[in-house]
Each structure stands twice: as C-alpha cells, then as structure tokens.
Amino acid sequence: MVTELTRYSVELVCGYPEWWRFNLYIMVVGFDRDGNSLSFTNFTDRIYDLDTAPGRTAPPGFDAAARKACVESPPCHYIEVYAYAVTNTFPESESIKDSPPFQATLMVSAGGRPFASDSYEVNQWGGLTISGRRYGPAGS
C-alpha cells in the first residue's frame, strides 16, 4: 500500500500485431492527500496522422511487443490516469465480425513496485478510452 508521496509509472502494453493502427496518448495527473493537483505528465506516440488515406501498412520493422507507451509521475499521493488508443487506420475488412476486440493492459507501478494491472478490450473501430481511473492508497 502506498501511504507517502511516491512516483507512479503507467504503461499501456499490447501484443496485438496491428497495434500500429492506433495512436497512443497517456495523461497522468498527480494529487496530494487532500485532492489538490500537483502535477500533469503525458505521453504521445502517433504512428500515423488521422486522415482517410487507404492502404496503410505497419511501419517497417514494427514490433507490437516492443512498443513502449509509458509515463512517470513526479512524487504524489495518488494519480488519475487518462489513456486513449485512437484509431489512425481502420481494419482491412469493413465487416465488424472480421475485426473482434483485442486486449491491452494498463500496468501501474508505485515506487518502482507493481501496484496494479488492468486489462481492457480495444474496439478496432472505436479504440480505447480510460478516463480518470484512480490509482493510489484506498480511502484517500
């Protein structure tokens, strides 16, 4: 349990081979014990800009397992996480049944130790939205 000010590390990971089709954004807001905002840190990884260009493929040498989407907070009591995987290229098939959701995992460490790991379904058409997910000591 985290009781003092600590650094949090937030990472969004996914082994889905077409993870390149999503631009990633992570924002972390750090708070003190009284709920006052102390910090704001963010991470952005854009593979392609959003547009209607058809026929996109994975960048040369892309490895989904090696893609690191990570941000670390300054010392704080607890954090709120906002994470988005925004579709930059739609699936090849226009049929929803051909493009089922896949899993991405949000991992949080506190003070260098694993604190939480939450799995989310990523919609291949709509992406992923994690809005204001709180991590830190209970009862803060």
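This is a predicted model: local features need pLDDT of at least 70, side-chain atom pairs count only at pLDDT 80 or more; totals for chains, interfaces and linings use all residues.
**Overall architecture**

The protein contains zero helices and eight strands, so that its elements, read from the N terminus on, run β-β-β-β-β-β-β-β. Along its principal axes the C-alpha trace spans about 50 × 25 × 25 Å, and the accessible surface comes to about 7700 Å², of which 51% belongs to carbon and sulfur atoms. Of the 140 residues, 41% count as buried. Among the contacts with a separation of 6 or more, 74% are accounted for by residues 24 or more positions apart.

**The nonpolar core**

The largest nonpolar core holds 28 residues, and those that touch the most other members are Val 10, Leu 12, Trp 19, Ile 26, Ile 79, Val 81 and Leu 106. At least two residues of this core come from each of strand 1 (8-13), strand 2 (22-31), strand 4 (69-72), strand 5, strand 6, strand 7 (113-122) and strand 8 (128-135). Strand 6 gives the most, with five residues. Trp 19, when residues up to four places away in sequence are not counted, touches Leu 12, Cys 14, Leu 24, Phe 62, Ala 64, Arg 67, Ala 85, Phe 102, Ala 104 and Val 122.

**Cysteines**

A disulfide is a covalent bond between the sulfur atoms of two cysteines. With a cut-off of 2.5 Å between cysteine sulfur atoms, the count in this model comes to zero disulfides. The table gives the distances for two cysteines.

| Cysteine | Nearest cysteine sulfur | Distance |
|---|---|---|
| Cys 14 | that of Cys 70 | 16 Å |
| Cys 76 | that of Cys 70 | 14 Å |

**Asn 88**

Asn 88 is found in the loop between strand 5 (78-87) and strand 6 (102-110). Its relative accessibility is 5%, and because buried means under 20% relative accessible area, Asn 88 counts as buried. A polar atom of the Asn 88 side chain lies 3.2 Å from the backbone oxygen of Trp 20, while a polar contact of 2.7 Å joins the side chains of Asn 88 and Thr 89.

Key
Residues are numbered from 1 along each chain as its sequence is written. Side-chain values use heavy atoms; hydrogens and water are left out. Helices (H or I, at least four residues) and strands (E, at least two) are DSSP runs, numbered from the N terminus. Buried means under 20% relative accessible area, exposed over 50%, partly exposed in between (1.4 Å probe, protein chains only). A polar contact is a pair of N or O atoms within 3.5 Å; within protein, one must be able to donate a hydrogen and the other to accept it, and residues adjacent in sequence count only if both atoms are side-chain atoms. A nonpolar core is a set of buried Ala, Val, Leu, Ile, Met, Phe, Trp, Tyr and Cys residues joined through side-chain atoms within 4.5 Å. Contact means heavy atoms within 4.5 Å. Accessible areas come from the Shrake-Rupley method with a 1.4 Å probe; for residues, only the protein chains shown count as cover.
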